[in-house]
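I opened my notebook to go through one structure, topic by topic. Here is the model I worked from.

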Amino acid sequence: MNPPAVSYRKLPGAAWSASGRSRLWLADDHLLEANALLIVERYHRFFLRDIRALLVQQTKVGRVLNIVSGILTSVSVIVTAGFSFAAASATATDSRIAFWIFAGFFGVAALGALTFWVVNLLLGPTCRCVIHTTAGAHPLEAPKRLRHARHLLAELAPQVEAAQGGAPALAATPP
């Protein structure tokens, strides 16, 4: 006789890192972290009765990325404007074409940096999650954004409390 199939529910906050794409899945009695890179998949199971804490710490990575992409956007726009002005005021056709090509190149770079900047702003602050169990601490690859971590805590806290007999294990709202 086959054991009953375990049904998983996908939790919010997938993340990309050097180890591949990471997702968290919730079953009736455990939390599953799945990391996939090309054809290799790794799984780490955390039983709800063993979870002692889930620590969420806001990081400065998102802020640094905003600063860097803002600077890149500003520099690209200034360089694009400079090449556009040089192309408009150039007398030789060959140099005018070269200036427009460079202006187009830096214009595309400015658009890419601006898009990255806006998306990063919309995704919100970054965070780092560490799950503590009876076996020790394990940093989670996902979620990487504070909004997703709050959703994770909201969904996971009642499940952990129910598995542990109502003991308060997780805080419902992170700092």
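My entries on rings, a charge, a surface patch, backbone details and a salt bridge follow.

**Ground rules.** I am reading a predicted model, where local features need pLDDT of at least 70, side-chain atom pairs count only at pLDDT 80 or more, and totals for chains, interfaces and linings use all residues. Residues are numbered from 1 along each chain as its sequence is written, and side-chain values use heavy atoms, with hydrogens and water left out.

**Aromatic pairs.** I looked up ring pairs first. Rings of Phe, Tyr and Trp (its six-membered ring) pair if their centres lie within 6.5 Å; planes under 30 degrees apart are stacked, over 60 edge-to-face, and the rest tilted. The count is 4 aromatic pairs. One of them joins Phe83 and Phe99: the ring centres are 6.1 Å apart and the planes stand at 35°, so this pair is tilted. Phe83 sits in helix H1 (residues 61-89) and Phe99 in helix H2 (residues 93-123), so I noted a link between distant parts of the chain, 16 residues apart. Helices (H or I, at least four residues) and strands (E, at least two) are DSSP runs, numbered from the N terminus.

I then checked exposure. Buried means under 20% relative accessible area, exposed over 50%, and partly exposed in between (1.4 Å probe, protein chains only). Phe83 has 22% and is partly exposed. Phe99 has 26% and is partly exposed.

Phe83 also pairs with Phe102, and this pair is stacked, with 5.3 Å centre to centre and 25° between the planes. Here too distant parts of the chain are linked: Phe83 in helix H1 and Phe102 in helix H2 are 19 residues apart. Phe102, at 43%, is partly exposed. Which residues form the aromatic cluster? I listed Phe83, Phe99, Phe102, Phe105 and Phe106.

**Charge over a ring.** I found Arg49 over the face of Phe47, 4.8 Å from the ring centre. The rule asks for NZ of Lys or CZ of Arg within 6 Å of the ring centre and within 35 degrees of the ring normal.

**Surface patch.** Leu37, Leu38, Ile39 and Val40 make a nonpolar surface patch of about 500 Å². Patch residues have over 30% relative accessible area and no salt bridge; nonpolar side chains (Val, Leu, Ile, Met, Phe, Trp, Tyr) are joined within 5 Å, like charges within 9 Å. Accessible areas come from the Shrake-Rupley method with a 1.4 Å probe.

**Backbone.** Leu38 lies in the loop between strand E4 (30-37) and strand E5 (40-47). Leu38 is exposed, at 84%. Its phi is near 55°, a positive value in a residue other than glycine. Most residues other than glycine have a negative phi, and most peptide bonds are trans. The peptide bond from Ala142 to Pro143 is cis, with omega near 0°. I placed Pro143 in the loop between strand E8 (136-140) and helix H3 (146-163).

**Salt bridge.** How many salt bridges does a search of the whole structure find? I got 1. A salt bridge needs a side-chain nitrogen of Lys or Arg within 4 Å of a carboxyl oxygen of Asp or Glu. Arg9 bridges to Glu155, with the closest N and O atoms 2.9 Å apart. Arg9 in strand E1 (residues 9-10) and Glu155 in helix H3 are 146 residues apart, which links distant parts of the chain. Arg9 is partly exposed at 41%, and Glu155 is partly exposed at 29%.
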